Amino acid sequence: MEKTADIVEAVKRAGITGAGGAGFPTHVKLQAQAEYLLANGAECEPLTHVDKQLMLHHAAEVVEGMRLGMQATGAKQGIFGIKGKYKEVIASIQSAIKPGDNITVSELGNFYPAGDEQVMVYDILGRIVPEGGLPINVGCVVQNIETLYNISAAAQGKPFTHKYLTVIGAVAKPMSVRVPIGITIQEVLDLAGGVLTPDPVILDGGAMMGAVVTDFSQPITKRSKMLLVLPYDHQLSVKRRTPRVVIDNHAIAACDQCYFCTDYCPRHAQGHAIEPHKLILLLASGVPLTDAQMAGAMLCCECRTCNYACPVHLAPGDIALNIKRDLVKAGMKNPYHRQTEASPYRDYRRVPMTRLISRLGLVKYDVPAPLTAVSQTFTRVTLKLSQHIGAPAQPVVKVGDKVSLGDMIGKIPAGALGVPLHASIDGVVREVTNEAIVIEAN
Ligand code: SF4
Ligand code: SF4
């Protein structure tokens with residue numbers, strides 16, 4: 001594409017959001033002017049395998065997405081952040097880079113959370129994102145690998161209709177697949193040969209940052225990245241289903257203020273004013289807390305690294321993120337905006353991935369999940385109108401309309417932040433609600 005505006009417009013038309021994470025509209029991110037475009041290939045959630053395989057099997061498209069993203073943002077340099085241990089993946093990306101592209105690969109350590117975008121910006125460029133800030137504050141835009149792949153598809157006129165994700169854990173055939181957005185979680189489990197445990201619990205998004213799901217009729221969305229299937233009584237499943245009041249009371253009773261949680265917090269290590277041990281001290285005081293006392297929680301990135309660090313298996317990360325969500329719901333804005341410096345101890349406070357997997361009780365599930373072609377057709381999809389940050393898509397179809405794969409079925413409401421929605425199978429519109437559009441194959 002020749003013009004920057006054409007790239008942004010194509011990405012907007014294609015309905016692309018960040019593939020994983022919060023689902024921020026990509027066309028908005030591409031309108032920023034940056035010095036660097038970083039590709040987040042760290043894939044730091046334990047047992048995730050999607051991005052590595054996209055870089056292995058679709059390197060040309062991923063690198064083309066980087067070129068287009070650089071053109072849109074004016075970035076003079078593109079850098080892939082990939083763990084150094086993935087030699088084959090690095091070689092694959094390097095072979096797709098052409099002379100003059102000004103794209104390089106930066107090798108990352110095998111730590112968690114190497115893929116936190118602020119951690120990655122510091123590891124690659126030595127720049128600290130200010131408190132409550134974004135990478136663009138220090139001249140960077142960070143894009144996910146699958147998002148780069150989708151940008152390159154958008155330039156070919158292909159909308160965002162299918163999702164790559166890994167299904168792993170207590171399933172017969174762990175795999176990574178490309179499936180239509182809107183099929184059910186159960187259908188993905190069936191592709192993986194079914195679950196191997198009664199009463200399974202899924203962490204949708206992974207062991208550290210994923211959300212607990214027990215209703216497998218829920219649809220796959222643009223943000224789905226990983227389904228980690230666990231037995232009901234697995235330590236991680238139990239821990240993540242523990243009610244908040246129990247989490248808080250355990251911490252009040254057992255926290256010895258050893259400070260390890262704060263020491264290992266990757267945002268605290270950047271000098272940010274987040275101190276999970278202090279939040280527990282405040283809870284334990286027994287007096288009503290003021291918003292100002294809790295405001296440091298606004299800087300929590302919800303990585304749960306501090307849970308790993310706690311020697312007595314408390315969940316300071318859950319405490320911090322619950323407080324943060326309460327404050328956000330109450331309309332509080334982050335009051336911290338300092339430009340900070342990294343702690344001199346930062347590099348000694350990294351969490352090795354192998355230790356993390358062991359501590360989480362996931363060693364037996366640490367197996368390959370190869371990218372596997374899906375031959376089966378799907379007969380029904382439920383496409384949520386809100387799968388992204390911003391206003392829900394506004395339906396432009398009605399019950400009974402015939403639609404084809406890729407047709408736009410929801411538009412961005414006038415003047416709002418959002419993305420359009422597209423049919424992910426051929427079929428007939430069966431339901432249009434305030435929440436979703438259901439399409440069934442003819
Ligand atoms: S979850 Fe814990 S380690 Fe992660 S940012 Fe929040 S307080 Fe820090
Ligand atoms: S690491 Fe655990 S025990 Fe230590 S201060 Fe943090 S929550 Fe308390």
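## Close-up views of a predicted model

**View 1. Strand β1 beside strand β5.** Strand β1 (residues 36–41) runs parallel to β5 and is joined to it by five bridges; strands (E, at least two residues) and helices (H or I, at least four) are DSSP runs numbered from the N terminus. Within β5, V141 is the bridge partner of L37, and C140 is the bridge partner of Y36. This is a predicted model, in which local features need pLDDT of at least 70 and side-chain atom pairs count only at pLDDT 80 or more, while totals for chains, interfaces and linings use all residues. Residues are numbered from 1 along each chain as its sequence is written, and chains are lettered from A and ligands numbered from 1 in the order in which they are written.

**View 2. The two sides of β5.** Five of the five residues of β5 are buried (20 or more other C-beta atoms within 10 Å of a residue's own, with C-beta atoms placed from the backbone). C140, V142 and N144 point one way from the strand, and V141 and Q143 point the other way. In a regular strand the side chains alternate between the two faces of the sheet.

**View 3. The open four-stranded sheet.** The strand order is β3-β2-β1-β5, with parallel pairing; two strands pair if DSSP finds at least two bridges between them. β3 (103–108) and β5 (140–144) are the edge strands, each pairing on one side only. On average, neighbouring strands are turned by 25° against each other, direction ignored.

**View 4. Helices on the sheet.** Helix α4 (residues 59–73) lies across β1, β2 (77–83), β3 and β5, and runs at about 150° to β1. Helix α5 (residues 87–96) also packs on the sheet, where it touches β2 and β3, with its direction at about 160° to that of β2. Axes are lines fitted to C-alpha atoms, for helices over the stretch in contact, and angles run from 0 to 180 degrees between N-to-C directions. Contact requires C-beta atoms, placed from the backbone, within 7 Å.

**View 5. V188 in the largest nonpolar core.** This core has 125 residues, and V188 is one of those that touch the most other members; a core is a set of buried Ala, Val, Leu, Ile, Met, Phe, Trp, Tyr and Cys residues joined through C-beta atoms within 7 Å. Helix α4 supplies the largest share of the core, seven residues. Not counting residues up to four places away in sequence, V188 touches V167, V177, V179, I183, I220 and L227.

**View 6. The shell around ligand 1.** Of the 15 residues around ligand 1, C265, C300, C303, C306 and G317 come nearest (near: C-beta atom, placed from the backbone, within 6 Å). Helix α15 (316–329) and helix α14 (305–309) each supply at least two residues of the shell, and the largest share, four residues, comes from α15.

Notes:
Contact = placed C-beta atoms within 7 Å. Buried ≥ 20, exposed ≤ 12 C-beta atoms within 10 Å, placed from the backbone.
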